[in-house]
Amino acid sequence: MTSSHRRIAIAANAAAAAALAAAVAIPASAQQTAAAGSETKITLGLGAAYMPRYAGSDEYKAIALPVINVVTPWGGFIDAGEGIGYRHGFGDKFIASAALGYDAGRKDSNQSLKPGSDKLRGMGEVKGATLLNLSLGYRLTQNLTLSAGASQPLSNRDRGRNYYAKVDATVMTMPRDKLAVAGSALFGSNDYNQSYFGVTANQSATSGYKKYTPGSGLYAVKAAITWTHRFDDNWSLLAATEATRYMTKAGDSPIVKARTNYGTMAAVNYTF
């Protein structure tokens, strides 16, 4: 692997790990609202994640988890899960954001730096893609937020679009600790579900898996819990776990080896 390819692979691995953190953490929209009118906040951290080799895999791997989050009072942000973008609040209730992010795709071999597994041999690669991530949130109460979003690929567009609907709730707040839960429904366009869960005739011939066409629609539901402990004004610990249940469109795919996947992560962060 060349140095340039290694850097790209490491970035893809970081994006995949950060996606887990983004899925289980308190929404960035809530963080942005809290930071409105204050100075720029930068959070850097390092941790580890234990997650499936790919969506629907029955194999797991441990990977390093770099954390970077920048929130500015004017709405700009950098987030390892969402990407680089801008967030704006409309009154006290609505929050909208747009960001450029990255999807790491998937290999058909075991990869330490990218999703994939030897069990997918012959399926070929789902190429990585630059994404336009759009979201809209509605704050029902101080501790309860509803949101929906979409990811449109700007490169490798045959990957397809994916969407989500989500509810986030803070269920416990103490001087140094916060506990949050989240639930979400995940949807894919016809191309997205085909890319990640389908098996074409050519793929069937090279991999041995039965041909499968999932079609568009709901492919998974997800539940997550996040605990944040603040040691002082700068140092904190974030620990989280999630469970993903693949519904009929994805769950019936011959490449989905486990209908339920789990992921967990922990990171020590420094905010300044």
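Predicted model: local features only at pLDDT ≥ 70, side-chain atom pairs only at ≥ 80, totals over all residues.
Q: Where does arginine 53 sit?
A: Arginine 53 is in the loop between strand 1 (41–52) and strand 2 (60–71).

Q: Buried or exposed, that arginine 53?
A: Arginine 53 is buried.

Q: And which side chain of opposite charge is nearest?
A: That's glutamate 59, 4.4 Å away. Arginine 53 has no salt bridge, because the cut-off is within 4 Å.

Q: What does arginine 53 touch, leaving out residues up to four places away in sequence?
A: Its contacts are Glu59, Tyr60, Lys61, Asn110, Gln111, Pro115, Gly116 and Ser117.

Q: OK, switching to the strands. How do strand 2 and strand 3 run?
A: Antiparallel, joined by three bridges. They make a hairpin with four residues between them, and glycine 75 in that turn has a positive phi of about 110°.

Q: Which residue in strand 3 is the bridge partner of valine 71?
A: Phenylalanine 77. Phenylalanine 77 also has a bridge partner in strand 4, glycine 85.

Q: So what's the pairing of strand 3 with strand 4 like?
A: Strand 3 (residues 76–79) and strand 4 (residues 83–90) are antiparallel, with four bridges. One of the bridge pairs is isoleucine 78 with isoleucine 84.

Q: How many bridges join strand 4 to strand 5?
A: Seven, and strand 5 covers residues 94–103. Arginine 87 stands opposite serine 97 there.

Q: Which glycine takes a positive phi in that hairpin?
A: Glycine 91, with phi near 70°.

Notes:
Residues numbered from 1 in each chain as written. Heavy atoms only, no water. Helix = DSSP H or I, 4+ residues; strand = E, 2+ residues; numbered from the N terminus. Buried < 20%, exposed > 50% of the residue type's maximum accessible area, 1.4 Å probe, protein only. Lys, Arg positive; Asp, Glu negative; His and termini not counted. Contact = heavy atoms within 4.5 Å. Pairing = 2+ DSSP bridges.
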